[in-house]
Amino acid sequence: MADPRKYRLAGLIGDPVFQSRSPMIHRHWLREHDIAGDYVLLHVSADRLEQALRGLPALGFAGCNVTIPHKEAAARIVDRLDATAQRMGAVNLVVVEADGSLSGSNTDGFGFIESLRDGKPDWRADAGPAVVLGAGGAARSVVVSLLEQGATEIRLINRTRARADQLAAELGKAVSVLDWSARAAALAGAALLVNATNQGMTGQATLDLALDALPTAALVCDIVYNPLLPDLLVAASARGNPVVGGLGMLLHQARPAFAAWWGVMPEVSPDLRASVEATIA
Ligand code: NAP
């Protein structure tokens with residue numbers, strides 16, 4: 001039985017946070033590992049972010065996740081960043097250290113890579129060119145994690161080219177930028193296609209992308225998870241491409257956070273995946 005004397009909290013700081021599935025995921029693991037604690041939603045406005053983070057040690061928090069729109073600001077507030085968070089310029093995981101100081105990490109890229117391996121266990125970053133659509137926070141974590149895994153050619157394409165140019169300039173010569181109008185032609189010879197825009201999300205238009213030039217062996221990933229199977233993946237699957245949805249990224253990014261707070265690396269079981277899917281389907 002969980003030891004109530006060791007009861008601690010973790011949570012999610014964001015604005016808004018009400019729609020988050022993270023409590024469901026973390027509470028599942030807390031129960032599974034018989035840990036006395038809870039995971040709560042913390043709706044915090046930008047002007048109170050620093051106060052909220054600095055209050056974590058006094059409130060008995062082991063740490064927290066950070067989500068939109070606070071990931072970049074949190075990176076400036078915490079006392080230290082690991083190398084990945086530095087490269088991402090964004091923090092989604094804060095750990096309260098024994099002395100009350102705050103360490104920042106970023107596990108989005110880990111989640112993304114693990115989700116690719118779930119979909120295709122023999123996936124390799126150096127298998128061929130990757131095409132990444134988008135240049136927001138999610139695209140940055142995708143590109144940084146692909147580079148960390150050894151990708152040698154990433155074609156980055158965003159509707160607003162200047163954002164992609166800025167990202168590529170920070171990340172080195174393996175990342176080249178193409179115009180949005182060249183997105184269909186850019187798929188020629190690709191081994192991986194990732195949609196990291198918000199197109200295809202419930203409430204948004206379908207991603208406007210002709211797949212004809214994409215090799216059918218290419219892995220296609222859409223990090224959108226609502227719907228579970230966006231139109232891009234329906235189309236890719238119909239022509240024989242292996243596909244990976246965005247839910248795996250959401251589930252796997254939570255694992256190193258749980259491990260950092262509670263000392264146990266949890267697994268994404270079929271049961272957990274099914275219960276989270278049921279909240280979306
Ligand atoms: P963001 O910073 O707001 O970026 C949005 C991206 O979508 C930008 O690249 C933007 O291009 C592009 N976009 C918006 N409207 C467009 C349109 N009409 N046509 C083409 N491109 C358009 O958002 P984000 O945080 O990077 O998130 C992007 C997506 O990733 C969201 O759907 C989010 O749900 C998903 N996501 C999933 C996970 C997961 O765990 N699976 C994690 C994080 C995010 P411009 O620069 O031209 O505006």
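Predicted model: local features only at pLDDT ≥ 70, side-chain atom pairs only at ≥ 80, totals over all residues.

Guide: Residues are numbered from 1 along each chain as its sequence is written, and side-chain values use heavy atoms, with hydrogens and water left out.

Visitor: At roughly what angle do the axes of helix 1 and helix 9 cross?

Guide: Helices (H or I, at least four residues) and strands (E, at least two) are DSSP runs, numbered from the N terminus, and axes are lines fitted to C-alpha atoms, for helices over the stretch in contact, with angles that run from 0 to 180 degrees between N-to-C directions. Helix 1 covers residues 22-32 and helix 9 covers residues 247-262, and their axes come within 10 Å and cross at roughly 50°.

Visitor: How are helix 1 and helix 9 oriented to each other?

Guide: Angles under 35 degrees count as roughly parallel, over 145 as roughly antiparallel, 65 to 115 as roughly perpendicular and the rest as oblique. The crossing angle is roughly 50°, and helix 1 and helix 9 are therefore oblique.

Visitor: Which residues of helix 1 make the contact with helix 9?

Guide: Contact means heavy atoms within 4.5 Å. From helix 9 the contact takes in Leu-250, Leu-251, Ala-254, Arg-255, Ala-257, Phe-258, Trp-261 and Trp-262, and from helix 1 it takes in Ile-25, His-26, Trp-29 and Leu-30.

Visitor: How is helix 1 oriented to helix 10?

Guide: The axes of helix 1 and helix 10 come within 10 Å and cross at roughly 155°. That angle makes helix 1, relative to helix 10, roughly antiparallel.

Visitor: Which residues of helix 10 meet helix 1?

Guide: On the side of helix 1, the residues are Met-24, Ile-25, His-28 and Trp-29. Their partners in helix 10 are Leu-272, Ser-275, Val-276 and Thr-279.

Visitor: How far apart are the axes of helix 9 and helix 10?

Guide: Helix 10 spans residues 270-280, and helix 9 packs with helix 10 at an angle of about 125°, which makes helix 9 oblique to helix 10. The distance between their axes is 11 Å.

Visitor: Which residues come nearest to the ligand?

Guide: A residue is near a molecule or strand if one of its heavy atoms lies within 4 Å of it. Of the 22 residues around the ligand, those that come nearest are Asn-158, Arg-159, Thr-160, Arg-163 and Ile-223.

Visitor: How far is a nitrogen atom of the ligand from a polar backbone atom of Ile-223?

Guide: A polar side-chain atom of Arg-159 lies 2.8 Å from an oxygen atom of the ligand, and a backbone N or O atom of Ala-138 lies 2.8 Å from an oxygen atom of the ligand. For Ile-223, a polar backbone atom and a nitrogen atom of the ligand are separated by 2.8 Å.

Visitor: What is omega, roughly, for the cis peptide bond that joins Asp-15 and Pro-16?

Guide: Pro-16 lies in the loop between strand 1 (8-14) and helix 1. For the cis peptide bond between Asp-15 and Pro-16, omega is about 10°.

How values were computed
Polar contact = N/O pair within 3.5 Å; in protein donor to acceptor, adjacent residues only side chain to side chain.
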